[in-house]
Amino acid sequence: MKKPHSQKASTAIDSLHSTSTASQCQRLLAALEQGPVTTFDARDNLNIVCPAARILDLKGVGHEITKTPVALADRDGRLHRGIARYVLLRHAQEVNRGRR
């Protein structure tokens, strides 16, 4: 996961301690705007225990996000297969514009 550079991303990371659904969605969306995010990234860097639920929330409001399973080592070096790697394809506004 790339480090956030935008003001929006910085604001989202500032709210890292909040566990509200809205704050988690904001942090995850800001991170996705910077590049792909894995389940490990979301848990370790964004304080999101269940990233799949937040992805469903973001998709529910119209964001187009893909998921690809990847093999990754955890922070203890153990390999896990099928870890989700999420990519934001289009924001909800862009998706909705395309449906008109």
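1. Is Thr38 buried or exposed? Thr38 is buried, at a relative accessible area of 10% (buried is under 20%, exposed over 50% and partly exposed in between, with a 1.4 Å probe and protein chains only). Its place is in strand E1, residues 37–38 (helices, H or I, of at least four residues and strands, E, of at least two are DSSP runs numbered from the N terminus). Beyond residues up to four places away in sequence, Thr38 touches Leu72, Ile83, Ala84 and Arg85 (contact means heavy atoms within 4.5 Å).

2. On the source: this is a predicted model, in which local features need pLDDT of at least 70 and side-chain atom pairs count only at pLDDT 80 or more, while totals for chains, interfaces and linings use all residues. Residues are numbered from 1 along each chain as its sequence is written, and side-chain values use heavy atoms, with hydrogens and water left out.

3. Helix H2 is largely enclosed by the rest of the structure, because 10 of its 14 residues are buried. The 14 residues should span 20 Å at 1.5 Å a residue, and the end C-alpha atoms are 20 Å apart, which agrees (the expected span is 1.5 Å times one less than the number of residues). Just after H2, Gly35 takes a positive phi of about 150°.

4. Gln24 lies in H2, residues 21–34, and is buried at 8% relative accessible area. Not counting residues up to four places away in sequence, Gln24 touches Ser18, Thr19, Asn47, Ile48 and Arg54.

5. The largest nonpolar core has 15 residues, and Leu28, Leu32, Val37, Leu46, Leu58 and Ile65 touch the most other members (such a core is a set of buried Ala, Val, Leu, Ile, Met, Phe, Trp, Tyr and Cys residues joined through side-chain atoms within 4.5 Å). Two or more residues each come from H2, helix H3 (39–46), helix H4 (51–60) and strand E3 (79–90). H2 gives the largest share, five residues. Leaving aside neighbours within four places in sequence, Leu58 is in contact with Cys25, Leu28, Leu29, Leu32, His63 and Ile65.

6. The whole structure holds five salt bridges (a side-chain nitrogen of Lys or Arg within 4 Å of a carboxyl oxygen of Asp or Glu). One joins Asp57 and Arg54, at 2.8 Å from N to O. Both residues lie in helix H4, three residues apart. Arg54 is buried at 13%, whereas Asp57 is partly exposed at 30%.

7. Asp74, Asp76 and Arg78 are linked in a network of salt bridges. Asp74 is buried at 15%, but Asp76 is exposed at 57%.
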